[in-house]
Amino acid sequence: SLFLSNNTLGLIYTEGCAKLLSDGRLAMGTLHGMQVFDPKAVKPNTNVFPLMLTDVLVNGTSLRYLTEDSDLFQRYLRNDKLKLSHTQNSLTFCFSSCEYLTSGIVKYSFFLEGYDGQWSEPQSSNSARYKNLRPGNYILHVRSFSPEGIQNEHEVTLNITISHPWWNTWWAWLLYILFIAVVLWTFWHHYTQVSALKNKIALET
């Protein structure tokens with residue numbers, strides 16, 4: 001006899017066992033019985049799940065383990081700001097749409113303002129990697145797309161600052177300029193004193 005199966009093996013259809021019914025439904029035979037499918041009952045999934053940043057890896061190590069303060073990562077996320085040293089310049093950003101039934105086909109696109117020229121092509125990978133970023137200010141933008149291609153209106157952003165090394169900061173350059181100025185002034189002062197002394201000796205003789 002024919003029956004509807006709730007077994008996942010029932011999704012394996014038998015070749016040549018399909019019929020279009022008079023009301024537009026499709027009847028298909030499986031290894032465990034018959035399944036009836038109504039194409040009119042299929043509606044696109046318009047649900048858009050929240051997108052969030054789940055982790056940041058700094059030089060391959062999770063930000064959660066770079067400090068004894070366990071709340072540091074959460075504070076960074078709440079403030080949407082991340083400040084790092086010039087040696088912490090290889091970053092991996094992990095994100096998720098919090099949709100687990102179809103997580104494998106949810107796609108993501110990202111754009112690092114200050115580095116990328118355009119948005120990345122939507123992809124199923126839920127991470128973005130950047131290596132050897134130069135000191136400066138960046139803004140990470142992440143957006144997601146449902147399996148039906150619907151873009152999530154909520155965009156995740158994170159402000160990132162990679163500090164300059166101390167020897168390349170404005171105050172370091174100010175010290176360099178002051179040092180050069182002192183050296184030049186010392187040389188000029190010594191030169192004028194020597195020249196004056198020579199002129200005095202020449203007049204006395």
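This is a predicted model: local features need pLDDT of at least 70, side-chain atom pairs count only at pLDDT 80 or more; totals for chains, interfaces and linings use all residues.
User: What share of the residues in the chain is buried?

Analyst: A residue is buried under 20% relative accessible area, exposed over 50% and partly exposed in between (1.4 Å probe, protein chains only); by that scale, 28% of the 205 residues in the chain are buried. Accessible areas come from the Shrake-Rupley method with a 1.4 Å probe, and for residues only the protein chains shown count as cover; the chain exposes about 14600 Å², of which carbon and sulfur atoms supply 59%.

User: Which residues of the largest nonpolar core touch the most other members?

Analyst: A nonpolar core is a set of buried Ala, Val, Leu, Ile, Met, Phe, Trp, Tyr and Cys residues joined through side-chain atoms within 4.5 Å. The largest one here holds 24 residues, and V56, F93, F95, L158 and I160 touch the most other members. At least two residues of this core come from each of β4 (52-58), β6 (81-84), β7 (91-96), β8 (107-113), β9 (127-130), β10 (136-145) and β11 (156-162), with β11 giving the largest share, four residues.

User: Where is A128 found, and which residues does A128 touch beyond four places away in sequence?

Analyst: A128 is in strand β9 and counts as buried because its relative accessibility is 1%. Leaving out residues up to four places away in sequence, A128 touches L91, T92, F93, F95 and F110. A128 and V56 are 72 residues apart in sequence, yet their C-alpha atoms are 9.7 Å apart in space.

User: Which side chain does S62 join in a polar contact?

Analyst: A polar contact is a pair of N or O atoms within 3.5 Å; within protein, one must be able to donate a hydrogen and the other to accept it, and residues adjacent in sequence count only if both atoms are side-chain atoms. S62, in strand β5 (residues 61-62), joins the side chain of D55 at 2.9 Å. With residues up to four places away in sequence not counted, S62 touches D55, V56 and L57, and S62 is buried because its relative accessible area is 9%.

User: What polar partners does the T169 side chain have?

Analyst: A polar atom of the T169 side chain lies 2.8 Å from the backbone oxygen of W166, while a polar contact of 3.1 Å joins the side chains of T169 and W171. T169 has a relative accessible area of 15%, so this residue is classed as buried.

User: Which residues form the nonpolar patch on the surface?

Analyst: Patches are made of residues with over 30% relative accessible area and no salt bridge, like charges being joined within 9 Å and nonpolar side chains (Val, Leu, Ile, Met, Phe, Trp, Tyr) within 5 Å. Here W166, W167, W170, W171, W173, L174, L175, Y176 and L178 form a nonpolar patch, with about 1100 Å² of accessible area together. Among them, Y176 is found in helix α2 (residues 170-204) and is partly exposed, with a relative accessible area of 32%.

User: How many salt bridges does the count come to?

Analyst: Side chains of opposite charge can pair when their charged atoms come close. A salt bridge is a side-chain nitrogen of Lys or Arg within 4 Å of a carboxyl oxygen of Asp or Glu, and by this rule the count comes to one. D23 and R25 meet in a salt bridge at 2.7 Å, N to O; D23 is partly exposed at 36% relative accessible area, and R25 is partly exposed at 34%.

User: Where are N59 and N132 found, and what is the phi of N59 and of N132?

Analyst: N59 lies in the loop between β4 and β5 and has a positive phi of about 55° although N59 is not a glycine; N59 is partly exposed, with a relative accessible area of 41%. N132, in the loop between β9 and β10, has a positive phi of about 55° although N132 is not a glycine, and N132 is exposed, with a relative accessible area of 57%.

Methods
Residues are numbered from 1 along each chain as its sequence is written. Side-chain values use heavy atoms; hydrogens and water are left out. Contact means heavy atoms within 4.5 Å.
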